[in-house]
Each structure stands twice: as C-alpha cells, then as structure tokens.
Amino acid sequence: MKKISALIIVISMAGFGFADDHKGEKKDHPNKIMSGKECMETKAGVAWFLSAADSVFDEIKEHGDMKDKAWNDRKWAEAISLSDLASNYSTVYDVWCKDMINNRMKMRIKEHHNDHNKKKNKKKD
C-alpha cells in the first residue's frame with residue numbers, strides 16, 4: 001500500500017512541475033482580437049473600397065446622362081454598397097485597431113524620451 005501511495009504522490013507532483021509552463025507564453029490583451037497585420041489589411045481595405053466607390057461615382061458622372069435609368073440605378077447601388085463597406089471597415093478599424101496603434105505610438109514616444117534623457121545625463125557626467 002505504501003508503494004502505491006508513494007507512486008500516486010510522485011505522479012501528482014509531476015503535474016505541479018509543469019504548472020508554471022504557461023508563464024513563458026506572451027498573451028495578448030483579452031480585448032485584442034486583431035493582430036497588427038490584420039489591422040493594416042483592414043486599413044488597406046478601407047482605402048480600396050473608397051477608391052472603388054470613387055471610380056464608380058466618376059463613371060456615373062461621366063456616363064450617367066447617356067445611359068438608361070436601370071444602368072444608373074445599378075451603378076448608384078454599387079457605389080453605395082462600396083461606400084457602406086468602407087464605412088463598416090472603418091468602424092472595425094476604429095474599434096479594434098486605433099487604440100492599439102495609439103498605445104504603440106505612446107510607447108515609442110516614451111522610449112524615445114527616455115533614450116534622450118539617458119543621453120542628456122551622460123553628457124552631463
């Protein structure tokens with residue numbers, strides 16, 4: 001019975017050895033659902049949708065008088081859809097990416113300020 005008890009204790013102690021293994025992993029903030037790359041892709045998507053909508057608006061302006069009502073209605077619907085998609089992408093970017101980028105910029109400015117102060121203090125000595 002003592003051997004079985006000792007074996008159970010050794011096995012259960014082995015689990016404690018691996019318990020702190022997760023501390024080495026860097027976890028993202030729980031409110032962060034997009035990476036920096038995804039944020040940049042979202043920003044590029046906003047630019048693309050706005051550019052596409054602008055080209056459709058230019059096409060309407062250029063050819064709208066010469067085409068029939070069905071063509072105009074279809075082009076206006078296309079332009080509005082593209083503008084709406086740009087708006088949706090902008091909202092996603094504002095909610096999930098803007099604060100993350102602002103925080104990075106604040107950290108870079110703070111690091112630059114600290115480096116500047118270190119150099120300044122070295123010159124004094």
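A disulfide (a pair of cysteine sulfur atoms within 2.5 Å) joins Cys-39 to Cys-97, with an S to S distance of 2.1 Å. The model is predicted: local features need pLDDT of at least 70 and side-chain atom pairs count only at pLDDT 80 or more, whereas totals for chains, interfaces and linings use all residues. Residues are numbered from 1 along each chain as its sequence is written, and side-chain values use heavy atoms, with hydrogens and water left out.

The structure holds 1 disulfide. Its S-S torsion, between Cys-39 and Cys-97, is about -85 degrees, so the disulfide is left-handed. The pair links distant parts of the chain, 58 residues apart. Both Cys-39 and Cys-97 are buried, that is, under 20% relative accessible area, with exposed meaning over 50% and partly exposed in between (1.4 Å probe, protein chains only).

The locations are tabulated below; helices are DSSP runs of H or I with at least four residues, numbered from the N terminus.

| Cys-39 | helix 2 (residues 36–63) |
| Cys-97 | loop between helix 3 (residues 69–96) and helix 4 (residues 98–124) |

Helix 2 has 28 residues and reaches 41 Å from its first C-alpha to its last, close to the expected 40 Å; the expected span is 1.5 Å times one less than the number of residues. The buried residues of helix 2 include Cys-39, Gly-36, Thr-42, Phe-49 and Ile-60.

Trp-96 is found in helix 3. At 34% relative accessibility, Trp-96 counts as partly exposed.

Terms used
Helices (H or I, at least four residues) and strands (E, at least two) are DSSP runs, numbered from the N terminus.
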